[in-house]
Amino acid sequence: MGKIRGAATARAKELRLELSILGVFVGIYLLFLIGSPSTFTRFDIYYAFMSTIPFSAIMALAATFVIVSGEIDLSFPSIMGFSGWVFAKLSNVMIDRGMNPELVIVLATLACFATGIVGGTMNGTLVVKTRIPSLVATIGTMFFWRGLVNVCGQGYGETLVPINQTVLFKLFIGRISGLIPAQAIWMLVLTAIFWLLLKRHRFGSHVLIVGDNVESARMMGIRVNKVKMTVFMIMGFFASFSGILASLEVNYLWPSLGEGYLLRTLAAVFVGGTSVFGGMGTIFGTFIGSIIIGSLEGGIVAIGLTGFWTQLIYGLIIVVSLSIYSYFRRRE
Amino acid sequence: MAKQKLVSMVEIQKSFGKVEVLKGVNFDVNYNEIVGLVGDNGAGKSTLIKILTGVHSPDGGEIYFKGKRITIHSVDKSRELGIETVYQEQALSEQQTLWRNIFMGREITTNFGFLRIKDQRNETERILRDQMGFTSKAITTDSVVKNLSGGEKQGIAIGRALFFNADLIVLDEPTMGLSLAETKKALDFVRNIKQQGKSAIFISHNIYYVYPVADRFVILDRGHVAGKFLKKDISQDELVDKMVTLARTGKIS
Ligand SMILES: Nc1ncnc2c1ncn2[C@@H]1O[C@H](COP(=O)(O)OP(=O)(O)OP(=O)(O)O)[C@@H](O)[C@H]1O
Ligand SMILES: [Mg+2]
């Protein structure tokens, strides 16, 4: 047994990958439980995780598509920042005119989404039409959108209190029976949708094939440019969505919104087991990876280490989990 | 235009940057005919057929299909016309399953674009067992292309092209990297195309493979058609001689 060529079906392979990420997850949580049973047997810490992890997790889902397609996006935190700023600024302008907050938040949300999509379209255009590699193109747009927040906002934040009694506000980040933050539900629902898209939909199939081999995709009639354009637009859209959630959560738009998300979000995707080389990715992995990365900081502090340990442990987790996946991949 | 032809490519030109790869090529395929397209490395064979299949667009010239002038601006368009291709590069997705590979770019879906995975699996299974004659239990519809042998990969590429019931099947170096037994199988597929009343373009370096199955030969040389021969007018050895002379002197005789 053992070495039957071709026996490694895609499903078996994926299952093994997803089991190993689950293993990493369980291992870390066991350490948390042992290290600080008082914290990790109570609901509070999970409540805190459910409120904060979704912002990065939702972007990680979209980033998974970008990475599976063989591209990268470094600009989403800046798009998050600028579209969040548009959201908050526009809200306040409309509120100052005496408009109904219910209407204000709807309009501001639409404007924010539009901004995110424009940001994604710009990245897509640079990559597809101008043919600048996405790594470089999105370094450019990363500075561009961050710079735009600075220029437009002049370093000032915006309050979001006037719209925090609206229906949409509750839909975005309200608390379900006071216990479950709505953003955690968004994260779950979006995980399911992204999973369906990647594994069960023609679009996902095309993303996988484009990321696998662009030339093959082209020869088989897949509209490579359209696929790439779409993944960047999806990324931009969900960056703007996360921007709304993250700023509504604190009732305030910080001009620095988005900073600190880049590496964590990408780390979540890679810790989740998605391949850096494109053509292969797992939404389940990204989901778990986001929880791992998102709970490390809180967990580390809870088990009594100082915050100074965080980065060291991030580094260890990333290196160890990627080594495990790489080992499995080579054995095939 | 001459009506009896399935495909006519007239005065086709194509450059990549400053390099003129096709310098006015005339190339026809008749109904129920296997055309052997031969020529040295870099002669422009693959480029010519990629223009026919919509991968490249020509810089000049005209294409007629079943007597009608057409422009083939996309792969979809050529498929619609009934042209299927086994590319030299195979055009497979290495990390994906066979069922994704067979239906690459034309997935079976619901109205909302969701895949009918079961249908794709069943059809793939049929192609594997009936069409390709794969008997190895190690290869399933869920196998990943990366794990297949060179011959098996080529089998998938050929099986995919034959599956969609095309009128014209283009095979670019289908025997490359195949063992003798597998080559024989690939040649049988080409004969089978003829028996089904369809046409094929068979590209190969190896005259010994092309000669037995083709009805007609077109020699391409550095972007020009250097010669056209019906099988009945030329023996295998004569054809080989012509190729050798062409390679040595740049002229055909
Ligand atoms: N996409 C491309 N961009 C630039 N040059 C190309 C491209 N495709 C082909 N060429 C060039 O065009 C010329 C003809 O290539 P082509 O692949 O058509 O030759 P061929 O007859 O199929 O050769 P072979 O027998 O080696 O497959 C070569 O010089 C090649 O380098
Ligand atoms: Mg070629």
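**View 1. Six strands of chain B form an open sheet in the order β6-β7-β8-β3-β9-β10, with mixed pairing.** The model shown here is predicted. Two strands sit at the edges: β6 (83–86) and β10 (224–230) of chain B. Each of these edge strands pairs on one side only. From one strand to the next, the twist averages 15°. Strands of a sheet pair through backbone hydrogen bonds, either parallel or antiparallel.

**View 2. Two helices of chain B pack on the sheet, α5 and α8.** Helix α5 (residues 150–163) of chain B touches β6 and β7 of chain B. The direction of α5 makes about 180° with that of β6(B). Helix α8 (residues 236–249) of chain B touches β3, β9 (216–221) and β10 of chain B. Here the angle is about 5°, taken between the directions of α8 and β9(B).

**View 3. Strand β8 of chain B pairs with β3(B) and with β7(B).** Strand β3 (residues 34–39) of chain B runs parallel to β8(B), and four bridges join the two. Look for Ile34(B), whose bridge partner in β8(B) is Ala200(B). Strand β7 (residues 168–172) of chain B also runs parallel to β8(B), joined to it by five bridges. Leu171(B) has Phe202(B) as its bridge partner in β8(B). How does the chain get from β7(B) to β8(B)? It crosses through helix α6 (residues 180–195) of chain B, in a right-handed β-α-β crossover. Back in the sheet, Leu168(B) stands opposite Ser199(B) of β8(B).

**View 4. Strand β8 (residues 199–203) of chain B is mostly covered.** How many of its five residues are buried? The count is five of five. Both faces of β8(B) are covered. On one side lie Ser199(B), Ile201(B) and Ile203(B), and on the other lie Ala200(B) and Phe202(B).

**View 5. Glu158(A) and Lys89(A) form a salt bridge in chain A.** Side chains of opposite charge can pair when their charged atoms come close. In this pair, the closest N and O atoms are 3.5 Å apart. The partners come from distant parts of the chain, 69 residues apart. Glu158(A) lies in strand β1 (residues 158–159) of chain A, and Lys89(A) in helix α4 (residues 76–96) of chain A. Glu158(A) has a relative accessible area of 11%, so it counts as buried. Lys89(A) is partly exposed, at 34% relative accessibility.

**View 6. A salt bridge joins the side chains of Arg146(A) and Glu259(A).** The N to O distance is 3.7 Å. Arg146(A) lies in helix α6 (residues 134–153) of chain A, and Glu259(A) in the loop between β4 (252–253) and α12 (262–271) of chain A, so the pair ties together parts that are 113 residues apart in sequence. Are the two partners buried or exposed? Arg146(A) is buried, at 11% relative accessibility. Glu259(A) is exposed, at 52%.

**View 7. Arg218(A) and Glu215(A) form a salt bridge in helix α10 (residues 214–219) of chain A.** The closest N and O atoms of this pair are 3.2 Å apart. Arg218(A) is partly exposed, at 31% relative accessibility. Glu215(A) is partly exposed too, at 44%.

**View 8. A network of salt bridges links Arg11(A), Arg121(B) and Asp142(B).** Over all chains, the count of salt bridges comes to 23.

Methods: Residues numbered from 1 in each chain as written. Chains lettered and ligands numbered in written order. Predicted model: local features only at pLDDT ≥ 70, side-chain atom pairs only at ≥ 80, totals over all residues. Heavy atoms only, no water. Salt bridge = Lys/Arg side-chain N within 4 Å of Asp/Glu carboxyl O. Buried < 20%, exposed > 50% of the residue type's maximum accessible area, 1.4 Å probe, protein only. Pairing = 2+ DSSP bridges. Right-handed = clockwise from strand over helix to strand, strands pointing away. Axes fitted to C-alpha atoms, helices over the stretch in contact; angles between N-to-C directions. Contact = heavy atoms within 4.5 Å.
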